[in-house]
Amino acid sequence: DSLPDIDTDSEGHPVTASLAERLVAVRHDAKLKQIPFAKSLGISQSALVTYERAERDPPYIGTSTSGR
């Protein structure tokens with residue numbers, strides 16, 4: 001039995017990766033600890049932790065359901 005091929009992006013990350021998986025992968029690729037990475041994103045470390053653990057999704061800026 002062989003594993004199925006997984007589509008990857010230009011950086012080799014799985015295309016189907018969850019946001020949590022992508023955040024961790026990008027942070028590790030950048031060789032950053034959580035605090036500097038969170039600061040670069042403009043969020044707190046505690047928010048980053050909840051996103052990396054898939055406990056919460058970040059708010060989506062620039063989207064509106066009001067139709068304006």
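What pattern does the protein chain follow, read along the sequence? Hi everyone, the answer is α-α-α. The secondary structure comes to three helices and zero strands, where helices (H or I, at least four residues) and strands (E, at least two) are DSSP runs, numbered from the N terminus.

A word on the source. This is a predicted model, in which local features need pLDDT of at least 70 and side-chain atom pairs count only at pLDDT 80 or more, while totals for chains, interfaces and linings use all residues. Residues are numbered from 1 along each chain as its sequence is written, and side-chain values use heavy atoms, with hydrogens and water left out.

Now to confidence. The mean pLDDT (the predictor's confidence in each residue, from 0 to 100) of the protein chain is 82, and 74% of its residues reach 70 or more. Confidence is lowest in helix H1, residues 19-29, at a mean of 91, and highest in helix H2, residues 34-41, at 96.

Let's turn to helix H3. Of the 68 residues in the protein chain, 21% are buried, meaning under 20% relative accessible area with a 1.4 Å probe, protein chains only. Why is H3, residues 45-52, described as largely enclosed by the rest of the structure? Because six of its eight residues are buried. They are Ala-47, Leu-48, Val-49, Thr-50, Tyr-51 and Glu-52. The cover over these buried residues includes H1 and H2. After H3 comes Ala-54, which has a positive phi, near 60 degrees.

Next, please find Arg-27, in helix H1. Is Arg-27 buried or exposed? Arg-27 is buried, with a relative accessible area of 10%. Leaving aside residues up to four places away in sequence, Arg-27 touches Leu-32, Lys-33, Gln-34, Phe-37, Leu-48 and Glu-52; contact here means heavy atoms within 4.5 Å. Leu-48 and Glu-52 are among the buried residues of H3.

Last stop, the largest pocket. A pocket is an open set of points on a 1 Å grid over the protein atoms alone, where a 1.4 Å probe fits, with protein on both sides within 12 Å along at least five of seven lines. About 180 Å³ of space lies in the largest one, the volume being the space filled by probe spheres set on the points. Its lining residues (an atom within 4 Å of a point) are Leu-19, Leu-23, Leu-41, Ile-43, Tyr-51, Pro-58, Pro-59 and Tyr-60. Tyr-51 is also one of the buried residues of H3.

Notes:
Buried < 20%, exposed > 50% of the residue type's maximum accessible area, 1.4 Å probe, protein only.
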